[in-house]
Amino acid sequence: MAVSQRFFQAVQSDLVMIEDLSFNANIGPDCWNRPRPQPLLLSVAIEANLEGAGRDDDVNQSINYGTLSKELLALAANETFPDMETLVEEAATRSLSKLASEEKGYARIALTAPKLLLQDAILRLEATRINGEPLGSGTPWDWTINNWRVSVLIGLNPPERKAKQMLIFDVVLHIDQAVGQEACNIPDLVSHLEKWIDTTSYLTLEKLAAEFCERAMSRHQQIDFVRLKISKPSAILNAKAACIQVYRQRK
């Protein structure tokens, strides 16, 4: 999955992009807790001044995305990474190296691991790194859990109190990782939340969403805010789904 659309909606500068570069890499234990290569998708968006390349029709005044993609593939093939964060940082370093040291600009990296979670969900990590600023901890991360399907006892009607229904969760977790602070284990958090969801029996999606956000933030102090969309496909006969979306920030 490419860099999220909400990122592009705020951009007012030129970008060179690579979308969904596909490869296998070792990013630590997989969903079966075995460290081995797994399928990944990497997307990169680099802020660059493309006026000269557009004026002179000269690729040397731009960023050669073909060369960068080969470097990123070589990085994935030749290295073993302890986690997704490390691979994202390495990809950001390679991407920013295409800018002059004094040149203003940033790289937005999105790494998708479609098979990392044992749950029926897609995990993605996004981060922005600025040219000339130190990489590593002390910078924000955006974790996304997409298309997470969970059976839940939910609803006001008598039949809904007897049988679980399929809900779809789309979650964004914004994390400010302080220097020296223990990393937030997202697969562990997802497992924790799934077990908790299985015990719930709320009447409304609104209550479920509020409690979900509160539980996620109480589990990890690094989570600064949660954006959660819950879809209920069975709610309306002639609609794909009824949905709510909430945003909850740490107080």
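Start at Phe-212, which counts as buried because its relative accessibility is 0%; buried here means under 20% relative accessible area, with exposed over 50% and partly exposed in between (1.4 Å probe, protein chains only). Before going further, a word on ground rules: this is a predicted model, where local features need pLDDT of at least 70, side-chain atom pairs count only at pLDDT 80 or more, and totals for chains, interfaces and linings use all residues. Residues are numbered from 1 along each chain as its sequence is written, and side-chain values use heavy atoms, with hydrogens and water left out.

So what does a search of the whole structure turn up in the way of aromatic pairs? It finds 4 of them, a pair being rings of Phe, Tyr or Trp (its six-membered ring) with centres within 6.5 Å; planes under 30 degrees apart are stacked, over 60 edge-to-face, and the rest tilted. One of them joins Trp-148 and Phe-169, a tilted pair at 5.7 Å centre to centre with 50° between the planes. Trp-148 is in strand E5 (residues 140-152) and Phe-169 in strand E6 (residues 165-176), so this pair ties together parts 21 residues apart in sequence. Helices (H or I, at least four residues) and strands (E, at least two) are DSSP runs, numbered from the N terminus. Both Trp-148 and Phe-169 are buried.

Put together, ring pairs make a cluster of Trp-148, Phe-169 and Phe-212.

Strand E5 spans residues 140-152. Elsewhere, look for Trp-141: the charged end of Arg-129 sits over its ring, 4.6 Å from the centre. For that label, NZ of Lys or CZ of Arg must be within 6 Å of the ring centre and within 35 degrees of the ring normal.

Now zoom out. The protein has 6 helices and 8 strands, running α-β-β-α-α-α-β-β-β-β-α-α-β-β from the N terminus on. Its C-alpha trace spans about 70 × 40 × 35 Å along the principal axes. Of the 251 residues, 45% are buried. Among contacts (heavy atoms within 4.5 Å) with a separation of 6 or more, 60% come from residues 24 or more positions apart.
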